[in-house]
Amino acid sequence: MNVLAFLIPVTLAMGALGLAAFFWSLRSGQYEDLTGDAERILFDADDTPLTPPRISPRRDTTSKETMK
């Protein structure tokens, strides 16, 4: 019975601490951009978008312009 006199106030204090942490996270904007966080975790910070290589047109060495 003496243990309950100790555990009940500790439990209530931990609950109040958890509630205070939840309200702090609401005020600091932790839940503002949920979709961005869900997509951001899929990519590394150093990833660059893949682009196809640019192929330069090949010059024709037998054209009339080069024969002048």
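Leu-26 lies in helix 1, where helices (H or I, at least four residues) and strands (E, at least two) are DSSP runs numbered from the N terminus. The structure is a predicted model, in which local features need pLDDT of at least 70, side-chain atom pairs count only at pLDDT 80 or more, and totals for chains, interfaces and linings use all residues. Residues are numbered from 1 along each chain as its sequence is written, and side-chain values use heavy atoms, with hydrogens and water left out.

The secondary structure of the protein comprises three helices and zero strands, giving the pattern α-α-α along the sequence. The accessible surface, computed by the Shrake-Rupley method with a 1.4 Å probe and, for residues, with only the protein chains shown as cover, comes to about 7,400 Å². Carbon and sulfur atoms account for 64% of this surface. Of the 68 residues, 3% count as buried; buried denotes under 20% relative accessible area, exposed over 50%, and partly exposed the range in between (1.4 Å probe, protein chains only).

For helix 1, the end C-alpha atoms are 39 Å apart, in agreement with the 38 Å that its 26 residues should span at 1.5 Å a residue. The expected span is 1.5 Å times one less than the number of residues. Just after helix 1, Gly-29 adopts a positive phi of about 85 degrees.

A nonpolar surface patch of about 600 Å² is made by Leu-19, Phe-22, Phe-23, Leu-26, Tyr-31 and Leu-34. Helix 1 (residues 2-27) supplies the largest share of the patch, four residues. Leu-26 is partly exposed, since its relative accessible area is 41%.

A search of the whole structure finds two aromatic pairs. Phe-22 and Phe-23 form a tilted pair, 5.8 Å centre to centre with 50 degrees between the planes. Phe-22 and Tyr-31 form a further tilted pair, at 6.3 Å centre to centre and 45 degrees between the planes. Rings of Phe, Tyr and Trp (its six-membered ring) pair if their centres lie within 6.5 Å; planes under 30 degrees apart count as stacked, over 60 as edge-to-face and the rest as tilted. Phe-22 is partly exposed at 39% relative accessibility, as are Phe-23 at 44% and Tyr-31 at 43%.

Ser-25 is also placed in helix 1, but counts as buried because its relative accessibility is 8%. The side chains of Ser-25 and Tyr-31 are joined by a polar contact of 3.4 Å. Such a contact is a pair of N or O atoms within 3.5 Å; within protein, one must be able to donate a hydrogen and the other to accept it, and residues adjacent in sequence count only if both atoms are side-chain atoms.

Definitions and conventions:
Patch = residues over 30% accessible without salt bridge, like charges linked within 9 Å, V, L, I, M, F, W, Y side chains within 5 Å. Salt bridge = Lys/Arg side-chain N within 4 Å of Asp/Glu carboxyl O.
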